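Open the model in your viewer and keep the selection tool at hand. Each stop below says what to select and what is there.

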Amino acid sequence: MKLIYRTDKLIRIQNANDVLEEFEILANFPFSSERKRMGIVLKNKKYGHIIFYLKGAENVIIKYTKNEYISYINENAENLATKGLRTLVLTQKIISEKEFNIWNNEYKEALNSMINRKENISNVISKLENDMEFLCVTGVEDLLQDEVISTIENLRNAGMKIWMLTGDKVETATCISISAGIKAKSHKIFTVKHEDIASEDKLNTINNLKQKFEEYKRKNIVDPHIFILDGEALDLSLKNCEKDFFLTTKDSPSVVCCRCSPTQKRIVVKTIKKYVNGRTAAVGDGGNDVAMILEADVGIGIVGKEGLQASLAADYSIMEFKSLNGLILWWGRMAYKNTSIMANFVIHRGLIISMNQFIFSIFFYYNPVAFIMAC
């Protein structure tokens, strides 16, 4: 399939048989950190079919698909994730023209509402998101840039703690952490999934999570372990046992948080500053990383294929990940030394001027005459 032309109202595609197909865009629902999915309503201009497409991570989309697809989606998504691929699930739903007209009137009313507009729009969209038909699971290989492993190793040797906040599945994030050098050869892996600690009673689930933290502390003393947890376990940690989580993981060689929304990334960075006596630097290359870049003490954006959103929102912009070597370890060090020299100069200059002023005032019988003006 090849995209030939695209506007806000029209999509023209060349299919596998080299035939052009045109689709009219009736409605478009972009991705947001709250919804964690994106959708679009299209009308085939030749046949008149109205189709609603929904795309997102498998743990989100399976809530809106038919029950017979759930096990198949999970199996295929896991198979792709274990190969280190980033997975997304695509679904569709055929809508009759009568059904769409009724829904479209409600959607326009929600768009024009003056009270609780965002909530009203979300409620109307949710009326389409049910009994979706499974289309496919996609797996995209995310190739690492040059010298990523050596750069992370240099930062770790400089005394920095590396946290990876990603929207990928646990299996994908685990593979990436190994290939990127976040997990060193001497490190072992400790994984916490919500399905392993889940219970019908929420209090028992929280207690199970705290037990996992205690278990990690014991294991990390004997052998260094990197700490990996999924999005639901992270959300539970941030809401119910925030202090336990960060006091447990602050001594970890590395932490990998999976299935993170942009909001969760920002909260993690904010809470790290609360419990750890240090400074935070957030590095990202996409729009999903903007929130954490703005929250960190130093935001670093990488100019990449995902656009310039992260780069424009950051304090520093770099072209490749390996540039962190020079930015932090060289220019950062030089800036620290120069700032220290300047601070010493300002302090000593202030002391000299103050002592001269004091002696000068003695000779003038402690009159408030400025030393500089008299000179």
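Begin with the whole chain. A compact globule of 375 residues would have a radius of gyration near 21 Å, whereas this protein has 28 Å. Along its principal axes, the C-alpha trace spans about 100 × 55 × 45 Å. Keep in mind that this is a predicted model.

Switch to a cartoon view. The protein has 15 helices and 14 strands. Of the 375 residues, 38% are buried. If you take the contacts between residues at least 6 apart in sequence, 57% of them join residues at least 24 apart.

**Stop 1: the largest nonpolar core**

Select F227, L229 and L234. These are the residues with the most contacts inside the largest nonpolar core, which has 29 residues. Two or more core residues come from each of the strands β9 (188-192), β10 (225-229) and β11 (254-257), and from each of the helices α8 (202-222), α9 (231-240), α10 (242-249), α11 (262-275) and α12 (290-295). In soluble globular proteins, nonpolar side chains tend to be buried together.

Which residues is L234 in contact with, leaving aside its neighbours within four places in sequence? They are L229, F245, C257, C260, Q264 and V268.

Next, select I50, V60, A77 and W103. These four are among the 25 residues of another core, which lies apart from the largest one.

Neighbours within four places in sequence left aside, I94 is in contact with I50 and I51. For a sense of distance, draw a line from the C-alpha atom of I94 to that of D285: the two residues are 191 residues apart along the chain, and these atoms are separated by 36 Å.

**Stop 2: helix α6**

Select residues 170-179, which form helix α6. Is this helix mostly covered or mostly open? It is mostly covered, with seven of its ten residues buried. To see them, pick V170, E171, T172, A173, T174, I176 and S177. These buried residues pack against helix α2 (70-81) and against the strands β6 (85-95), β8 (162-165), β9, β10 and β11. Just after the helix comes G181, which takes a positive phi of about 85°.

**Stop 3: the second largest pocket**

The pocket holds about 720 Å³ of space.

Colour the lining by residue type. It divides into 16 charged, seven polar and four nonpolar residues. Now colour by helix instead. At least two lining residues are supplied by each of α1 (58-61), α2, α6, α7 (194-197), α9 and α11. The largest share, four residues, comes from α9.

**Stop 4**

Most residues other than glycine have a negative phi, and most peptide bonds are trans. The next two residues have a positive phi.

R259 is not a glycine, yet its phi is positive, at about 50°. Find R259 in the loop between β11 and α11. Is R259 buried or exposed? R259 counts as buried because its relative accessible area is 15%, under the 20% cut-off.

Then go to D131. D131 also is a residue other than glycine with a positive phi, near 50°. Look for D131 in the loop between α4 (117-126) and β7 (133-141). With a relative accessible area of 49%, D131 is partly exposed.

**Stop 5: a last distance**

Move to helix α4 and select E119, which has its place there. E119 is partly exposed, with a relative accessible area of 48%. How many Å separate the C-alpha atoms of E119 and C175? The distance in space is 38 Å, and the two residues are 56 residues apart in sequence.

Key:
Residues are numbered from 1 along each chain as its sequence is written. This is a predicted model: local features need pLDDT of at least 70, side-chain atom pairs count only at pLDDT 80 or more; totals for chains, interfaces and linings use all residues. Side-chain values use heavy atoms; hydrogens and water are left out. A nonpolar core is a set of buried Ala, Val, Leu, Ile, Met, Phe, Trp, Tyr and Cys residues joined through side-chain atoms within 4.5 Å. Buried means under 20% relative accessible area, exposed over 50%, partly exposed in between (1.4 Å probe, protein chains only). Contact means heavy atoms within 4.5 Å. On a 1 Å grid over the protein atoms alone, a cavity is a set of points where a 1.4 Å probe fits but cannot get out, and a pocket is an open set with protein on both sides within 12 Å along at least five of seven lines; lining residues have an atom within 4 Å of a point. Grid points are joined across faces, edges and corners, and a volume is the space filled by probe spheres set on the points. Ala, Val, Leu, Ile, Met, Phe, Trp, Tyr, Cys and Pro count as nonpolar, Asp, Glu, Lys and Arg as charged, and the others, Gly among them, as polar. The radius of gyration is taken over C-alpha atoms; the globule rule is 2.2 Å times the number of residues to the power 0.38.
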